[in-house]
Amino acid sequence: MEHLFLSCNVAFHLWQSSPWGIFPICDAGIRMWDWVKFLWDLKNKGINEQETFLYASIIIDTIWRTRNEKVHNNSPVDIFKCIDSVRFSFADHHAYLLPCPTRCLTESWCPPPQDWLKLNCDVRVGMDSMCAAVVARDHVGKVIWVSTKRLDFSNALCGEAATCCLAIEEAKARGIEFLIVESDSWVVINALNGKESCWELDNYVSFCKNTSTSFIGCTFQFVRRQCNFMAHNVANWAFSHQMFGSVPISSMPDIIFCNDREV
């Protein structure tokens, strides 16, 4: 049981891809109950234990289904697909099981006010690296520019934060005055807005806060995964094609810029 749910290759990457970047150290002889207690104790570090247990439940379910498909149907194991499946399920279930009391969830993507740019961020997690992607759109929803960056680590939570830093950095370099940075990571957005504290994100939060003073207007807000498909698709495309930097919009397939589904 410990091998299947904690130490096998699929389990390791699924745990590491969590928004908190946590994973079991299996050579220490950890048991399932030890891992459950560890997750529960995260509440003492300022992390919402309901969110961690929801994410953990989805991981366990995904591992079990993947194992059954492999054993009974000889289906190939696609770790990237498993990671995406977990993140989509978490976003869906979070909205209904753990709704925000202030109802700050964005039900559909909305363009920014005139003279503002909205920068949607997402990260594509790989084995030992990631791709950060930022899509900038204006008040009519037109894509103005796209920027991507290779990240030589695979901590999903830090990757989401690093992508927001990339957005801020690119906006400053381009002389943008008014911007809204959107991410589908609750933890990162709450940290950037000073609502939660997460030691892993301190450097990223500090960078964003210090750099945000360069703009006349700069806000950070959460967007549901279902409203962030464009940034998600760009991150996937750039990762698979190893396209990093300021990517010409004309070099990318038009279908990548859809915001209603994954492609």
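How much space lies in the largest cavity? About 300 Å³ of space lies there.

## About the model

This is a predicted model, where local features need pLDDT of at least 70, side-chain atom pairs count only at pLDDT 80 or more, and totals for chains, interfaces and linings use all residues. Residues are numbered from 1 along each chain as its sequence is written, and side-chain values use heavy atoms, with hydrogens and water left out.

## Cavities

Rolling a probe the size of a water molecule over the atoms shows where empty space is left. Here the search runs on a 1 Å grid over the protein atoms alone. A cavity is a set of points where a 1.4 Å probe fits but cannot get out. Lining residues have an atom within 4 Å of a point. Grid points are joined across faces, edges and corners, and a volume is the space filled by probe spheres set on the points. The count comes to two cavities of 30 Å³ or more.

The largest cavity has a lining of 22 residues. Pro19, Phe90, Asp184, Ser185 and Trp186 are the closest to its centre. Helix 4, helix 5, helix 6 (156-173) and helix 7 (186-192) each give two or more residues to this lining. Helices (H or I, at least four residues) and strands (E, at least two) are DSSP runs, numbered from the N terminus. Helix 5 gives the most, with five residues. By class, the lining has twelve nonpolar, four polar and six charged residues. Nonpolar covers Ala, Val, Leu, Ile, Met, Phe, Trp, Tyr, Cys and Pro; charged covers Asp, Glu, Lys and Arg; the others, Gly among them, are polar.

The second largest cavity holds about 50 Å³ of space. Among its lining residues are Trp20, Ile47, Val187 and Cys198. Its lining divides into four nonpolar, three polar and two charged residues.

## The largest pocket

A pocket is an open set of points with protein on both sides within 12 Å along at least five of seven lines. In the largest pocket lies about 250 Å³ of space. Its lining includes Asp61, Arg65, Glu69, Asp78 and Lys81. Two elements give two or more residues to this lining: helix 4 (49-73) and helix 5 (79-97). Helix 4 supplies the largest share, five residues. Three lining residues are nonpolar, four are polar and five are charged.

Strand 1 is largely enclosed by the rest of the structure, because nine of its nine residues are buried. Buried means under 20% relative accessible area, exposed means over 50%, and partly exposed lies in between (1.4 Å probe, protein chains only). Leu117, Leu119, Cys121, Val123 and Val125 point one way from strand 1. Lys118, Asn120, Asp122 and Arg124 point the other way. Strand 2 (residues 130-137) is also mostly covered, with eight of its eight residues buried. One side of strand 2 carries Met130, Ala132, Val134 and Ala136, and the other carries Cys131, Ala133, Val135 and Arg137.

How do these strands pair, and which residues stand opposite which? Two strands pair if DSSP finds at least two bridges between them. Eight bridges join strand 1 (residues 117-125) to strand 2, and the two run antiparallel. Leu119 stands opposite Ala136, and Val123 has Ala132 as its bridge partner. Strand 1 and strand 2 form a hairpin with four residues between them. Strand 2 is also joined to strand 3 (residues 143-151) by eight bridges, again antiparallel. There, Val135 stands opposite Val146. Strand 1 and strand 4 (residues 178-183) run parallel, joined by five bridges. Cys121 stands opposite Ser183 in strand 4.

## The turn at Gly141

Strand 2 and strand 3 form a hairpin with five residues between them. Gly141 sits in this turn and has a positive phi of about 85°. Gly141 counts as partly exposed because its relative accessibility is 27%. Gly141 touches Trp109 and Pro111, not counting residues up to four places away in sequence. Touching, or contact, means heavy atoms within 4.5 Å.

## Nonpolar cores

A nonpolar core is a set of buried Ala, Val, Leu, Ile, Met, Phe, Trp, Tyr and Cys residues joined through side-chain atoms within 4.5 Å. The largest one has 64 residues. Leu14, Leu119, Leu179, Val181, Leu192 and Leu201 touch the most other members. Helix 6 gives the most to this core, with ten residues.

Leu192 touches Cys164, Val205, Cys208, Lys209 and Phe220, not counting residues up to four places away in sequence. A second, separate core of 16 residues includes Cys131, Met230, Val247 and Met252.
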